[in-house]
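Please open the structure in your viewer and keep the selection panel at hand. The stops below move from one selection to the next.

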Amino acid sequence: RGCWRVMGSSGSAAFRGLAVSRAFGDVDWKVPVNLVESKPEVKVLELKSEDEFVVIGCDGVWDVMSNQEAVDLARRHALPVDGQLDSGVGLSDKAAAAAARAITLAALERGTMDNVTVVVMTLRR
């Protein structure tokens, strides 16, 4: 039956039954009051030669850290293929995985109360 979640500061079961996927179309949660939102943050950017990687994360990450904090954390924990981030070679798969794990752990340590999923995708090889 999916994921069950109870919301509300009083601990009541008034909102029992809300699953993450329901935000996309369950009318019961949108009418007469919009209780869930599925509008994503979308940015269109032209990639530049100096771009190293992309950090993709769900709201459990962004609830507790900024975009720049995630990038800084990824850069500190990632080891490039040839020892230098500015070389044009890019991050190894192992380094990208280590960066994603570091961001995940940081979000959990900061007390996020939501799901945490992180992908660090390398752009240069």
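Begin by selecting V119, which lies in strand β2 (residues 118-122), where strands are DSSP runs of E of at least two residues, helices are runs of H or I of at least four, and both are numbered from the N terminus. This is a predicted model, in which local features need pLDDT of at least 70 and side-chain atom pairs count only at pLDDT 80 or more, while totals for chains, interfaces and linings use all residues. Residues are numbered from 1 along each chain as its sequence is written, and side-chain values use heavy atoms, with hydrogens and water left out.

V119 counts as partly exposed because its relative accessibility is 42%; buried means under 20% relative accessible area, exposed over 50%, and partly exposed in between (1.4 Å probe, protein chains only).

Next, select helix α2 (residues 67-77), whose buried residues are A70, L73 and A74. Seen down the helix axis, these buried residues fall within an arc of 100°, so they line one face of α2, the arc being that of the directions from the axis to the C-beta atoms. Now display β1 (53-57), α1 (59-62) and α3 (93-109), which are included in what covers the buried residues of α2.

Finally, centre on A70, in helix α2, which counts as buried because its relative accessibility is 0%. Not counting residues up to four places away in sequence, A70 touches V55, W62, M65 and I103, contact meaning heavy atoms within 4.5 Å.
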